[in-house]
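I opened this model to look up how its parts pack together, and I kept my notes in the order in which I looked.

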Amino acid sequence: MIAYIFEFIGTAMLILIGNGIVANIVLKGTKGSDSGWTGISLAWGIAVFIGVFMSADVSGAHLNPAVSIGLATAGKFSWALVPGYIIAQVLGAMMGNLLVWLTYKKQYEATEDTGSILATFSTSPAIKSPFWNLVTEIIGAFALVFGVFYIAGGAMGEDAVSLGSLDALPVALLVMGIGFGLGGPTGYAINPARDFGPRLLHSILPIKNKGKSDWGYAWVPIVGPIIGGVLAALLYLLIESFI
């Protein structure tokens, strides 16, 4: 249970800082509107660093169903723990975004653009094309999970792959690089919990001018990262079979 709690805490911190920067940029009446994409990519990297550093030594700091499923696919994490981890990650993401909403309550009330409000909760594509948006999310999540295998210690063995606190910085840099290099087409969810939990919260909260939650697109940032995580695990296993 303590591992689930720290997955919840780590994911909540990840979303609080990550979607907090989005709110600071896109909502009306903030002081951070000039930060742009550079600010978003940097802040999400910092958010990952904080979330991983806080939870790594207890839960392994997955903070992402794609990571949990990828590690389980590679035999580095128990499938029995995957459902509990995913639930903790989704609930943590919802809590993190609830704190974002409370922090920027007056700015939400002042913002009339429904797209800007939704952007502070979930991702959306710059050009909507479900197949290619899916491809983008697969590639981004593949880069993340494949990197995690080797940052966390890629050697095959009996011990589960787990991110230690010292791995927080390289993982943060990896996510930052994904944001700068691959984030433009879809907003780089690369994490089903990061998108689904806040999107669900968006549909529930009584937000003025919030508009629709775009559930028609919601499957892309769920399915894409999971496929990417599984493909990363399979390639990892293939490489290790030759070593």
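Predicted model: local features only at pLDDT ≥ 70, side-chain atom pairs only at ≥ 80, totals over all residues.

**Entry 1: H9 and H10.** I began with H9 and H10, which pack at an angle of about 165° with their axes 8 Å apart; the axes are lines fitted to C-alpha atoms, for helices over the stretch in contact, and angles run from 0 to 180 degrees between N-to-C directions. That makes H9 roughly antiparallel to H10, and I noted the scale beside it: under 35 degrees is roughly parallel, over 145 roughly antiparallel, 65 to 115 roughly perpendicular, and the rest oblique. The crossing of H9 and H10 is left-handed, a word used if the near helix is turned anticlockwise from the far one by less than a right angle, with right-handed used if clockwise. From H9 the contact takes in Pro 192, Asp 195, Phe 196 and Arg 199, and from H10 it takes in Pro 221, Ile 222, Pro 225 and Ile 226, where contact means heavy atoms within 4.5 Å. By class I wrote down 6 nonpolar, no polar and 2 charged residues for the contact of H9 with H10; Ala, Val, Leu, Ile, Met, Phe, Trp, Tyr, Cys and Pro count as nonpolar, Asp, Glu, Lys and Arg as charged, and the others, Gly among them, as polar.

Residues are numbered from 1 along each chain as its sequence is written, and side-chain values use heavy atoms, with hydrogens and water left out.

**Entry 2: two residues of these helices.** Leaving out residues up to four places away in sequence, Ile 222 touches Pro 192 and Phe 196. I also looked up Phe 8, which is 214 residues from Ile 222 in sequence and 18 Å from it in space, C-alpha to C-alpha.

Gly 197 has its place in helix H9, residues 192-204, and it counts as buried at 0% relative accessibility. Although Gly 197 and Leu 91 are 106 residues apart in sequence, their C-alpha atoms are 6.6 Å apart in space. Not counting residues up to four places away in sequence, Gly 197 touches Val 90, Met 94 and Pro 192.

**Entry 3: H7 and H10.** I then turned to helix H7 (residues 130-151) and helix H10 (residues 220-241), whose axes come within 7 Å and cross at roughly 45°. H7 and H10 are therefore oblique to each other, and their crossing is right-handed. The residues of this contact of H7 with H10 divide into 20 nonpolar, 4 polar and 2 charged.

**Entry 4: loops.** Which residues does Leu 27 touch, not counting those up to four places away in sequence? I listed Val 22, Tyr 104, Gln 107, Tyr 108, Thr 111, Ser 116, Ile 117 and Thr 120. Leu 27 is found in the loop between helix H1 (2-26) and helix H2 (36-59), and it is buried, with a relative accessible area of 4%.

Tyr 188, in the loop between helix H8 (168-182) and H9, has a positive phi of about 40° although it is not a glycine, and at 6% relative accessibility it counts as buried. Asp 214, in the loop between H9 and H10, is a residue other than glycine with a positive phi near 55°, and it is partly exposed, with a relative accessible area of 24%.

**Entry 5: the whole chain.** I ended with the chain, which has 10 helices and 0 strands; helices (H or I, at least four residues) and strands (E, at least two) are DSSP runs, numbered from the N terminus. Of its 243 residues, 53% count as buried. Among contacts between residues at least 6 apart in sequence, 80% join residues at least 24 apart. The C-alpha trace spans about 55 × 40 × 30 Å along its principal axes.

Notes:
Buried < 20%, exposed > 50% of the residue type's maximum accessible area, 1.4 Å probe, protein only.
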